[in-house]
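Let's take a friendly walk through a protein and its ligand. Have a look at the picture first, then read on.

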Amino acid sequence: MTENHDIEATLKYHNATKHSYASVRANPHFLDFANQPLPFKIYPTLEPSRLPDEMRQTGVAALSAIAQSVPAETDASPDLKAIAQLLYLSAGITRQRKYSGGEIYFRAAACTGALYEVELYLVCGELSDLPAGVYHFAPAEFGLRKLRAGDYRSLLVEATSGEPAIAHAPLTIVCTCTYWRNAWKYQDRTYRHFGWDNGTLLANLLAVATALGLPAKVVCGFVDDRVNSLLDVDSRREVAFSLVALGHGSAISSQPPAEISPLGLETVPLSRHEVDYPLMREMHAASSLHSTEEVAAWRGRTPLMSFPPPAGPVSQLQPLSDDEMPRDAVEQVILRRGSSRKFARTPITLPQLSTILDRGTRGVPADFLDPLGTQLNHLYLIVHAVEGLEPGAYFFDRDRKLLEYLKRGDSRDVAGYLGLEQQLPADAAVDIFFLADLRPILQRFGNRGYRAVQLEAGILGGKCYLAAYAQRLGATGLTFYDDDVTRFFSPHAEGKSAIFLVALGNSVKRQS
Ligand SMILES: Cc1cc2nc3c(=O)[nH]c(=O)nc-3n(C[C@H](O)[C@H](O)[C@H](O)COP(=O)(O)O)c2cc1C
């Protein structure tokens, strides 16, 4: 048995990082603002080259872009303008706000604590206006720093054991996550946040790729050490989490280098000192893949999860028709997005909710979701104020496109409690909880399945954000009391684990 298949590691991590009423009160952690990490990775010895900041207006409706993907074998290659657009609309600085302790640079995608632990790197062949190389995206300068010159894509082909999308991609974006930047606030639970925050970013990236006519595929199966050494990250601090193959061209034929030389580049320390949380690094080590054979065996069919026909009353989804669908373009919607800080207790409509559920869950192109359209997470809802639906708890039966009524009644107080005693889930019109049965997922994918299930929840949550903002509604990601969530939705949710939560509704605008 490989280390990845010793799934006790995931169960240990997952159980140890659950939030509960008692665990939150027993935690003495406080935010040490004097030691707050920098939100950017800075290579002081490398000059960034600025990316073009003129945005192409794709005009592609956000509600279409999140629901579709470009067929895998469509020949397409991004130019520098397209790359700039992909980077800006997934990880660029879209707003900034001063506060007493300094300035927050908000990014295109939602991120826990606005701490932005996800870094992006490009690995590309010779493109029309960008030389082959390995680059780091610098959001503060909106530029690229060249880390290596030359075509290193064959190394990714090898590391992914010949994953076809990577083997044909003119460009692959590697997403890494930096422990300390998020653990400063969230401690050991940070490893879950890697999936969530990488996921919301990918929801934007995938939608923009679709709008630009680029095939895209998320790849989670790779030999960790090989990818980390290509980027020369210090893997005690920063680790590759996901890859996104972009575009399609002729297959890469060169041999990967046997050895990859370290770069030894200086980076600016994030804080005066860093606090180590060993659990999250253990979780990463236990879910690492060590050989191409292991990767090849990892990739493949997703365990199928079917549900018995609904036992209780149901409501059919009623998504807006194409004629009624808001057509705001994806770039416009991403720039408008921000997490709701307060919800009005006013209703949304069943067609609005149905559109979010339908468009947000039509499938993610990913190597752990085979065939396209399979899904690891299940959606459970607490409805407070949706015209056309009784308040109560529901299960979203995606295959049958209906909501199964589980429990009747006003649950605003319960929802507020489940969402870590915050006001947002109590005031929202509806709360969507993502739950997963970890057993078949871990059995099939080992500990690496835990990365996949968190990442998928983040992507689906990110799509819900965009589907809400496309309809001029508000949304926010939220954290939760794990076991209380499962208990609330049981017996239907018996045995499942709470993975993520998104609240939706009408935002109350900030008064300033
Ligand atoms: C996975 C996730 C969990 C979040 N959890 C909370 C939360 O528990 N409470 C909260 O007020 N905001 C939460 N947020 C919202 C973030 O604070 C917000 O995304 C961040 O401050 C950046 O702001 P923006 O989304 O407006 O760009 C969460 C966001 C994400 C993506």
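## Around the ligand

A polar contact is a pair of N or O atoms within 3.5 Å; within protein, one must be able to donate a hydrogen and the other to accept it, and residues adjacent in sequence count only if both atoms are side-chain atoms. Here, a backbone N or O atom of Thr479 sits 3.2 Å from an oxygen atom of the ligand. Gly477 also uses a backbone N or O atom, 3.2 Å from a nitrogen atom of the ligand.

## What you're looking at

This is a predicted model, where local features need pLDDT of at least 70 and side-chain atom pairs count only at pLDDT 80 or more, while totals for chains, interfaces and linings use all residues. Residues are numbered from 1 along each chain as its sequence is written, and side-chain values use heavy atoms, leaving out hydrogens and water.

Most residues other than glycine have a negative phi, and most peptide bonds are trans. Ala114, not a glycine, has a positive phi of about 50°.

Which form does the peptide bond from Asp370 to Pro371 take, cis or trans? That bond is cis, with omega near 5°. The bond from Ser490 to Pro491 is cis too, with omega near 15°.
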